[in-house]
Amino acid sequence: MRTLLVTGPGGAGRTTVAAATALDGARNGSRTLLVTGEDRQRIDAVLGTAHGVDVCHVDPDTTFREELAALQTRGTAVLSMLGARPLQAEEMTTLPGAEQFALLRALRRAAEGAAYDLVVVDLPPLRQAIDLLALPEQLRHYLRRLLPAERQAARALRPVLAQLAGVPMPAQWLYETAARWDTELAAVQRVVEDPGTAVRIVAEPGPAGADAVRTGLLGLALHQIPVDRVVANRVLPRESADTWLATLAAQQDKCLAEWPDADLLPHLGRDPRGAEDLALLAPGDGVPGGPARTGEAPAPVPGPRAPWPVEDRLADDGVLLWRIPLPGARKDGLDLVRRGDELLLTAGPFRRIVPLPSAPRRCTVAGAALRDGELAIRFTPDPALWPSR
């Protein structure tokens, strides 16, 4: 199965392009699912009838109520001991962030079902999408820090202690709940990191679109999420006698120079509706790993997440170099903090906690340099930890 995550700056037409991509996959023989949080009526209007695409509409309200009800059910004994009164279904209102969690759950279920060749996911706008895709890894890190596995070593004793005390042990419930969350998050993380998963960025060429894509590519690189391609949407005709249109087209050309490999989708002069319009908006060479059009080679499939390389330069310079590609990064937007065996890395508006490779863990940070979109961190061996020769 291939999973294509479609996002882009708000208002750039990402939902329409996601629908066009899904329809293109179905026309090429792939069993296709479109996952979206958009209004059902809007998606139906965009796709039209007899399109051959299954659509999963994410319902954050229902998902939130189901999760909270299940949590209350599992924690009934603890809640009773604390004197808490359970919430009723009609009292539950969706909290901020529920839509993101519902979308992640829908993504996991689609991947585990194995009923489709292609899953196209209509993600939120670009910045929110990057935060969403990074969320499983981040939350699992927090769980490991707050509830480390080694503290569960005495878990077998808790039922005995509970019987002696005559009350349930909250710690046992807490660890069991954390374990369930970790299992759920790990499943979503596997989908995000799967070799068949990639992001497709949809943007309208122009100054705002160029800035958004530049920032988005930096965030995706920091989280090691591969980009399938950039899609330039609503491209204006290049030949026009209208001075106003010619000026806008020239502005688009300046932006498109930064996206030399982008797919160009035309501005239809109207809101796209139905299969005929969507056929004009399908990216040029099909979907990753899907059937190719006649006479064309299959589109490339993104590879697995590659580890950032560590270069051994001990013999020449006495350092190890950890090379981290960060396209579009600026020196004034970078920050590095070493904390134990982890590195807190900030690039622009994005932050990630990264575990150090084995060799640099036995070193001290000697400095870092940013050049041509690559951050090189220098490590020198710590004599107390480095094996003597």
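Buried here means under 20% relative accessible area, exposed means over 50%, and partly exposed lies in between, with a 1.4 Å probe and protein chains only.

Ground rules next. This is a predicted model, where local features need pLDDT of at least 70, side-chain atom pairs count only at pLDDT 80 or more, and totals for chains, interfaces and linings use all residues. Residues are numbered from 1 along each chain as its sequence is written, and side-chain values use heavy atoms, with hydrogens and water left out.

The inventory: 13 helices and 14 strands. Helices (H or I, at least four residues) and strands (E, at least two) are DSSP runs, numbered from the N terminus. Now contacts, meaning heavy atoms within 4.5 Å. Take those between residues at least 6 apart in sequence: 67% join residues at least 24 apart.

Let's start with the sheet. In what order do the seven strands of the open sheet run? The order is β3-β2-β4-β1-β5-β6-β7, and the pairing is parallel. Two strands pair if DSSP finds at least two bridges between them. At the edges sit β3, residues 54-57, and β7, residues 263-266; each pairs on one side only. Neighbouring strands are turned by 20° against each other on average, direction ignored. On angles: axes are lines fitted to C-alpha atoms, for helices over the stretch in contact, and angles run from 0 to 180 degrees between N-to-C directions.

Strand β2, residues 32-36, pairs with β3 in the parallel sense over four bridges. Leucine 34 stands opposite valine 55 in β3.

Further along the sheet, α9 lies across β5 (197-203) and β6 (227-235). It runs at about 165° to β5. Between α9 and β6 there is a loop, and glutamine 224 lies in it. Its phi is near 55°, a positive value in a residue other than glycine. Buried or exposed? Glutamine 224 counts as buried, at 16% relative accessibility.

Glycine 269 is exposed, with a relative accessible area of 66%. Its C-alpha atom is separated by 8.6 Å from that of arginine 234, 35 residues apart along the chain.

On to the helices. First, α1, residues 14-27. At 1.5 Å a residue, its 14 residues should span 20 Å, and the end C-alpha atoms are 20 Å apart, which agrees. The expected span is 1.5 Å times one less than the number of residues. Of the 14 residues of α1, 13 are buried, so the helix is largely enclosed by the rest of the structure. Just after α1, glycine 29 takes a positive phi of about 95°.

Next, α6, residues 126-146, with two partners to discuss. Partner one is α9, residues 207-222: the axes come within 10 Å and cross at roughly 5°. The two are therefore roughly parallel to each other. The cut-offs: under 35 degrees is roughly parallel, over 145 roughly antiparallel, 65 to 115 roughly perpendicular, and the rest oblique. Leu126, Arg127 and Ile130 in α6 meet Ala212, Val213, Thr215, Gly216, Gly219 and Leu220 in α9. By class, that contact has five nonpolar, three polar and one charged residues. Ala, Val, Leu, Ile, Met, Phe, Trp, Tyr, Cys and Pro count as nonpolar, Asp, Glu, Lys and Arg as charged, and the others, Gly among them, as polar.

Partner two is α5, residues 98-113. It packs on α6 at an angle of about 85°, axes 10 Å apart. That makes α5 roughly perpendicular to α6. Gln100, Phe101, Leu103 and Leu104 in α5 meet Leu132, Leu135, Pro136 and Leu139 in α6. The class count here is seven nonpolar, one polar and no charged residues.

Last stop: later in the chain. β11, residues 342-347, pairs with β12, residues 350-355, in the antiparallel sense over six bridges. They form a hairpin with two residues between them, and glycine 348 in the turn has a positive phi of about 60°. Glutamate 342 has proline 355 in β12 as its bridge partner.

In a regular strand, side chains alternate between the two faces of the sheet. For β12, Phe350, Arg352 and Val354 make up the covered face, while Arg351, Ile353 and Pro355 are on the uncovered one.

One more loop. Aspartate 372 lies between β13 (363-371) and β14 (374-381). Its phi is near 55°, again positive in a residue other than glycine. At 78% relative accessibility, aspartate 372 counts as exposed.
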